[in-house]
Amino acid sequence: MSKAIYVTTIEPNSGKSLISLGVLRMMLTKSTKVGYFRPIINKSKTDSFDNHTNTAINFFNLDLDYNDCHVYEQSEVVELLSEGKEDEIIHKIIGKYKSLEQRFDYVLVEGTDFSGEGGFTEIDVNLMVAKNLGIPVLIVGAGNGKKKKDFINTMQLTYNSFIQKEVDVIGLIANKTETDEIEYVKDQLAKSIAGDIQIDVIPKVDFLAYPTVKEVVEELEGKVLFGEQFLDNAIGSFSTGAMQLRNYLTHIKNNALVITPGDRADIILGALQANASSNYPNISGIILTGGLIPEDSIIKLIEGVQSTIPIISVKGGTFGISNKIGAVKPKIYATNRKKILLALDTFDAHVNATGLTNTLSNFNSERLTPSMFQYNLLQSARAHKKHIVLPEGNDERIIRAAARLQLLNIVDLTLLGDKREIQAKCNQLGIQIDLEQIQVLNPEDSIHNDAFGKTLYEARKHKGMTETTAKDLTRDVSYFGTLMILNGLADGMVSGAVHTTMHTIKPALQIIKTKPGVSVVSSVFFMCLSDRVSVMGDCAVNPNPNAEQLAEIAISSAQSAEAFGIEAKVAMLSYSSGSSGKGEEVEKVRKATDIVKTKEPSLKIEGPIQYDAAVDMSVAKTKMPDSAVAGQASVLIFPDLNTGNNTYKAIQRETGALAIGPMLQGLNKPVNDLSRGCTVDDIFNTVLLTAIQAEQG
């Protein structure tokens with residue numbers, strides 16, 4: 001996994017480009033394999049590319065294609081958010097980021113720049129993206145034009161917003177700060193922000209704050225008449241040449257942009273002469289308004305003058321053009337080396353790059369969002385393509401899930417049922433699936449029945465099963481699918497959309513059996529809540545486990561969590577927390593917790609503990625302040641099936657959380673049970689879980 005930083009800002013024109021350039025060069029001192037990613041871009045009206053991305057790639061000569069560095073334009077994100085498609089945005093961004101992460105040692109991710117007309121709160125979007133990518137954030141704000149206390153409060157509020165959303169912040173940079181306020185701003189931020197957060201303050205640098213003539217030309221869609229090579233001239237001020245020349249000359253300031261109608265030859269020639277004179281300030285450029293071009297004799301005169309002043313013709317009146325120029329904000333272009341080098345020097349002088357590098361090198365986030373969890377499931381299943389059998393091949397939901405799995409080419413599939421009936425249903429429903437590329441077997445009349453019958457008889461004859469009964473049972477889809485696994489014709493099975501839990505898992509218990517040392521087959525759900533993934537068990541199999549069984553369920557669930565990238569912090573749930581409660585049920589949980597601690601002393605576990613104390617840090621600090629699990633439990637073990645099943649369903653229905661599972665634990669080969677109320681998404685996700693279990697063994 002590469003090391004990455006997400007650079008975000010709290011406002012427009014914060015000077016974020018300076019920080020991004022500095023961080024990129026900092027990364028390049030550690031490795032030549034550095035990537036750049038800007039998920040949401042906002043191109044100007046005249047550009048065919050995003051300036052931030054183009055500058056990063058070209059100035060540092062990064063080994064990147066421009067199209068690999070972005071996902072959406074800002075307008076597309078606004079539209080998708082208005083349609084409630086937040087998940088679609090995140091999944092696409094995660095996918096593109098992950099492809100970069102695999103290629104590079106370091107990746108700089110740059111957030112939105114608050115430019116354009118965004119129909120959403122950009123801080124929220126940057127929060128959403130940074131959280132789901134699981135990378136630390138560097139927050140940038142600008143102090144110019146603000147009262148010191150207001151600026152400090154804004155920085156603190158933004159920092160708190162990220163922390164409250166459980167996004168890791170690695171540093172704050174107060175940019176464009178007045179020189180005499182640097183120490184005050186740094187001291188005040190240090191007092192209000194956690195001690196391990198790096199705080200840097202950068203003074204306002206006038207040259208970097210100036211827009212260039214090129215930016216004005218782009219904004220006004222102007223035509224360059226002279227001096228195209230000088231478009232990078234910085235504009236320190238601008239003024240309108242509407243008075244007589246002798247009076248206008250007294251208003252010229254250093255690096256001034258002269259705005260005048262195109263027929264004012266006196267102002268044009270006077271400005272050129274003033275720029276050449278050592279008695280007057282330098283002029284950055286001349287804007288000719290009204291779409292007027294000077295007469296041929298004046299053009300000829302200008303052509304003969306050695307000048308460093310670009311002259312641009314624009315449409316529109318002088319007053320309106322002046323207002324537009326006043327609204328132009330500075331950018332850093334790849335071609336403006338002077339600005340880039342000054343930005344890098346400024347970063348080096350005022351930002352503790354060594355501190356940032358050390359923090360980044362040691363950073364390791366334990367957070368896993370639902371979107372990242374689902375992405376990881378998909379990629380893990382795809383990386384080791386397994387063969388999964390779906391016994392209920394005639395069910396519409398099963399067929400739709402199979403079509404989706406086939407389209408994404410994630411697993412090999414076998415559907416059980418009559419092929420003609422399945423094809424007819426596909427045609428009737430308009431489901432696009434190629435049954436020639438999926439194995440379809442009919443247990444009623446399969447070439448495997450005789451062999452399966454013998455296998456089943458040998459496995460169960462000690463329990464009194466006859467050969468006739470064994471052969472009859474092979475026509476049952478659950479037995480047939482399970483026997484496919486036993487005979488190496490499939491790696492796992494997913495069933496239960498039509499059949500009961502017992503019908504699904506009974507053949508597995510009889511034929512596949514449990515893993516060595518496991519006496520209890522149990523289940524977990526991966527509950528994808530708004531900001532985290534919780535593992536909940538047992539919510540589907542064991543009605544009332546005793547203390548020993550409950551302990552085994554807890555250990556199996558912790559192992560499942562770790563296997564799927566979730567750090568196991570186990571909460572043994574009860575109606576009482578700690579040592580305060582009495583009663584048979586509390587004692588069962590207390591005993592189970594002690595058993596787990598004896599068997600797995602390194603496992604983080606707490607019990608008995610109430611649900612609120614297990615997941616809410618504010619409650620945990622009151623009830624169990626010294627616990628390493630309370631308030632941050634990732635594995636929640638319920639004392640019985642009644643509590644577990646109702647709780648997970650209540651959470652699912654009331655919060656809209658996605659429940660992936662149940663996933664059965666303890667079998668030698670993966671067989672997973674669906675709810676009869678399952679959706680196509682449930683089936684799809686359970687197949688992914690099963691494929692990953694098959695790979696993990």
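**Ground rules.** I number residues from 1 along each chain as its sequence is written, and side-chain values use heavy atoms, without hydrogens or water. In this predicted model, local features need pLDDT of at least 70 and side-chain atom pairs pLDDT 80 or more, while totals for chains, interfaces and linings use all residues.

**Sheet.** I took helices (H or I, at least four residues) and strands (E, at least two) as DSSP runs, numbered from the N terminus. Strands pair if DSSP finds at least two bridges between them. I found an open sheet of five strands with parallel pairing, in the order β16-β15-β14-β17-β24. Its edge strands are β16 (439-441) and β24 (671-673). I then checked β17 (residues 492-495), which pairs with β24 over three bridges. Met493 has Val671 of β24 as its bridge partner.

**Helices on the sheet.** Contact here is heavy atoms within 4.5 Å. Angles run from 0 to 180 degrees between N-to-C directions, with axes fitted to C-alpha atoms, for helices over the stretch in contact. Helix α17 (residues 396-408) lies across β14 and β15, at about 160° to β15. Helix α21 (residues 477-486) lies across β14, β15, β16, β17 and β24, at about 160° to β17.

**Cores.** I defined a core as buried (under 20% relative accessible area, 1.4 Å probe, protein chains only) Ala, Val, Leu, Ile, Met, Phe, Trp, Tyr and Cys residues joined through side-chain atoms within 4.5 Å. Which residues touch the most other members of the largest core? They are Ile19, Phe373 and Phe526, out of 143 residues. A second, separate core of 24 residues includes Ile485 and Val671.

Definitions and conventions. Buried < 20%, exposed > 50% of the residue type's maximum accessible area, 1.4 Å probe, protein only.
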